[in-house]
Amino acid sequence: MKMKKFASVLLAGAMVATMAGCTSDDTTTTTTTDTNTNTTTTTTDTNTTTTDGEKTNLTMWCIATESDSNRHSYEAAIADVTAAHPEINFTWEAFENESYKTKIKAAVAADEMPDIFFTWSCAFLGDFVDAGRVYCLDDAYAKVKDELPESMMGNSTYNGKHYGVPLTMNIVGLFANMDLLKSVGYDDIPGTYEDFIACCDALKAADIIPFGCAGKETWCVTEYLESVIEKSVGYEALNDIFLARASWANDDVAAAVDTFQSLVVNGYFDPNGDGLSNDEIKANFMAGKYAFYMNGTWNCADFAANEEFFPKVKVGEFPVINADKATLGQLIGGPSDTLAVAASSPNAAVAADFTFELGRLICKYGYLDGCGLPAWAVNYDDSEVNGLTKTVAAITAKANGYVLFGDTAMAADDADAYLKEVAMVYGCEVDGKTFVEDLAAAIR
């Protein structure tokens, strides 16, 4: 099946409308956490049976582990939905991000999937749709389309059919520790690339590491690299490459990769970052070890929750490198986090309706927690959303183009090849010219 892929260009100001209320009921929840695999299993039993005494069993896999910023939004949403549906016995498991990618791909290949599963949109989900493993959600979507704009469904729509329920949307943000920037004479995040580099040089001279990046998790490196490429060649050029509409054999992309690598060579990154996880890098940033941290805006919630750190942190976007081809407002991100239903589920139709209810509430609580902007419409009080998330909303309100995260936008095999090359760029094993040549040969 030929997949139909969409690039998302969205305005945060257009996100307005309705959320359904939920009843409450006494629940019993059992949680078991395996610290070796960072896997959490939760079984929710509403202690209520249906008229005939039987319940429908539904299972779900996701990545909302105990340390994940979205954990609370999942827990709150699950509590609401299971309370409203005593006829359903719901069990869910959470897995660490990278290990989950391997696990869900293996489960799809073996056709041994849970009823409901977390996935990333575009090509990641599209591969599963192509394999015939995903249940079509058209009938269930028709019941909620007034609350969930069609534009938000684009990244999980293939050949005109809907296969995913979007949650919150996020972008890559440039987070800055303003105490550190002020210590070298900067009262704001530098607005031009020249000033940005000058700021990094001033930080180095003061023995402050400019960037923290988890080289151990290559997706974290892409948060930096993709921003540099986009602000060098423009979002349309990068989007066309990610969606296989254009070749990687692009001299401007090669030059942008060299620009990124120069940041590494110049010592702007923590030299010990190669052996650190994202959680460790994030903790170091909050502890004042780095001036900048490029990562998803889902981090706003954790930063806002830290009373000591929150007054120090500010968020902006990476500056433009080539003004002839790129502008501010061209962002990495968009609707990506998605829930889908397995075609093999014995209760797929029930799971589809349940998934839309669950997705709507995960979106609500995630937005209120500051973990991202809502893909669903909003008719609840959001006045208490933290200032960082509101700043992100202001940035996206001025957006003129989005490029979905590369390892999500590309097909699985292509994404694997891409991530391997990214790791070699970060390790200074290949330069920009070799990077694009290798990917042009590997991705056709």
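Begin by selecting Asn299, which is buried, with a relative accessible area of 1% (buried means under 20% relative accessible area, exposed over 50% and partly exposed in between, with a 1.4 Å probe and protein chains only). The model on screen is predicted, and for this reason local features need pLDDT of at least 70 and side-chain atom pairs count only at pLDDT 80 or more, while totals for chains, interfaces and linings use all residues. Residues are numbered from 1 along each chain as its sequence is written, and side-chain values use heavy atoms, with hydrogens and water left out.

**Around Asn299**

Now show the surroundings of Asn299: apart from neighbours within four places in sequence, Asn299 is in contact with Ser69, Phe175, Lys282 and Tyr293, where contact means heavy atoms within 4.5 Å.

Is H8 mostly covered or mostly exposed? H8 is mostly covered, for 16 of its 16 residues are buried. Just after the helix, Gly234 takes a positive phi of about 95 degrees.

Within H8, pick out Thr222, a buried residue with a relative accessible area of 2%. Setting aside neighbours within four places in sequence, the contacts of Thr222 are Ser227, Tyr418, Leu419 and Val422. From Thr222 to Val422 the distance is 7.1 Å, C-alpha to C-alpha, while 200 residues separate them in sequence.

**The largest cavity**

A search of the whole structure finds two cavities of 30 Å³ or more. On a 1 Å grid over the protein atoms alone, a cavity is a set of points where a 1.4 Å probe fits but cannot get out, whereas a pocket is an open set with protein on both sides within 12 Å along at least five of seven lines, and lining residues have an atom within 4 Å of a point. Grid points are joined across faces, edges and corners, and a volume is the space filled by probe spheres set on the points.

To find the largest cavity, which holds about 70 Å³ of space, select its lining residues, including Val172, Ser227, Glu230, Met294, Phe318 and Leu331. Strand E9 (168–177), H8 and strand E13 (330–335) each supply at least two residues of this lining. The lining divides into six nonpolar, three polar and three charged residues, with Ala, Val, Leu, Ile, Met, Phe, Trp, Tyr, Cys and Pro counted as nonpolar, Asp, Glu, Lys and Arg as charged, and the others, Gly among them, as polar.

**The largest pocket**

Move on to the largest pocket, where about 910 Å³ of space lies, and select Ile63, Asp68, Asn97, Trp219 and Trp298, which lie nearest its centre among the 48 residues of its lining. Helix H2 (residues 97–110) gives the most to this lining, with five residues, and the lining as a whole comprises 16 nonpolar, 18 polar and 14 charged residues.

**Two loop residues with positive phi**

Most residues other than glycine have a negative phi. Select Ala244, whose phi is near 65 degrees, a positive value in a residue other than glycine; Ala244 lies in the loop between helix H9 (235–242) and helix H10 (251–265) and counts as exposed, at 52% relative accessibility. Then select Cys428, which has a positive phi of about 60 degrees although it is not a glycine, in the loop between helix H16 (412–426) and helix H17 (432–442); Cys428 is partly exposed, with a relative accessible area of 38%.

**The whole chain**

Finally, zoom out to the chain, whose secondary structure comes to 17 helices and 16 strands, and in which buried residues make up 55% of the 444 residues.

Key: Helix = DSSP H or I, 4+ residues; strand = E, 2+ residues; numbered from the N terminus.
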